[in-house]
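Let's take a walk through this protein together. Have the sequence and the 3D view ready, and we'll go one spot at a time.

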Amino acid sequence: MTGQALVAEPLLQKAETERRRGRCRLSAEAVLICLLCAGKFVCALGKIVYIVAVVFAMFRIITALFLKDTLAVAANDAESAIQTKMRQAKKFANELLSFFRAADKSKDGVLTLEEFENTLQDPRVKTWLSLMDVEILDPAEFFALLADEQGRVDAEHFIRTIVRCKGPSRAQDTMAITYMVNRILYQVEALEQQ
């Protein structure tokens with residue numbers, strides 16, 4: 001116990017004794033001591049509230065810093081994924097250009113059906129295209145998709161078309177085909193009615 005508490009104890013006992021005897025008179029000393037004790041309690045309570053508030057604020061600041069770092073890392077991950085995807089697309093286009101140049105035996109900058117079929121006879125080429133997620137089951141039919149009216153295809157058109165053919169069909173491609181088939185069907189029905 002502190003020195004003040006030792007002094008306050010007898011005074012509080014004296015005040016209690018006086019109260020029991022019916023005399024409800026408190027001395028100035030007793031009131032002062034009660035106020036001092038109450039003041040210490042309020043001061044201690046204030047310190048506790050202050051400590052809790054500071055700790056809470058520190059946790060909020062630390063949380064904000066972690067969140068900021070996490071968002072920065074996530075942004076870098078997204079940017080990194082974009083860069084990786086762009087590098088893969090460029091690498092694939094370069095590999096297709098190499099394939100085109102190897103298939104173009106005449107070195108005139110265009111590919112014919114004969115050159116395309118001769119190149120696809122090599123099982124390594126078919127395997128390579130399969131690994132690139134490009135399946136060519138019928139070379140003549142596939143080349144018809146690539147070629148212009150003269151039955152030839154240049155490097156730029158070849159690469160752009162193969163990139164679109166890579167992988168399974170996309171919903172956008174399926175919707176475009178459905179739209180074109182419906183248009184043709186409508187035109188055929190209009191011709192039948194004439």
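Our tour starts at the second largest pocket, which holds about 230 Å³ of space. Keep in mind that you're looking at a predicted model. The pocket is lined by 10 residues, and the ones closest to its centre are Lys85, Gln88, Ala89, Phe92 and Lys166. Which helix gives the most to this lining? That's helix α2 (residues 28–103), with six residues. Sort the lining by class and you get five charged residues, four nonpolar ones and one polar one.

Now hop over to helix α3 (residues 113–120) and helix α5 (residues 139–146), whose axes come within 10 Å and cross at roughly 135°. The two helices are therefore oblique to each other. Their crossing is right-handed. To see where they touch, find Leu113, Phe116, Glu117 and Leu120 in α3, which meet Pro139, Ala140, Phe142 and Phe143 in α5. What classes of residue make up this contact? There are seven nonpolar residues and one charged, with no polar ones.

Stay with α5, and look at its packing with helix α6 (residues 155–165): here the angle is about 115° and the axes lie 10 Å apart. This crossing of α5 and α6 is right-handed. On the α5 side, Phe142, Leu145 and Leu146 make the contact, while α6 brings in His157, Phe158, Thr161, Ile162 and Cys165. By class, that's six nonpolar and two polar residues, and no charged ones.

Notes:
Residues are numbered from 1 along each chain as its sequence is written. This is a predicted model: local features need pLDDT of at least 70, side-chain atom pairs count only at pLDDT 80 or more; totals for chains, interfaces and linings use all residues. Side-chain values use heavy atoms; hydrogens and water are left out. Axes are lines fitted to C-alpha atoms, for helices over the stretch in contact, and angles run from 0 to 180 degrees between N-to-C directions. Helices (H or I, at least four residues) and strands (E, at least two) are DSSP runs, numbered from the N terminus. Angles under 35 degrees count as roughly parallel, over 145 as roughly antiparallel, 65 to 115 as roughly perpendicular and the rest as oblique. A crossing is left-handed if the near helix is turned anticlockwise from the far one by less than a right angle, and right-handed if clockwise. Contact means heavy atoms within 4.5 Å. Ala, Val, Leu, Ile, Met, Phe, Trp, Tyr, Cys and Pro count as nonpolar, Asp, Glu, Lys and Arg as charged, and the others, Gly among them, as polar. On a 1 Å grid over the protein atoms alone, a cavity is a set of points where a 1.4 Å probe fits but cannot get out, and a pocket is an open set with protein on both sides within 12 Å along at least five of seven lines; lining residues have an atom within 4 Å of a point. Grid points are joined across faces, edges and corners, and a volume is the space filled by probe spheres set on the points.
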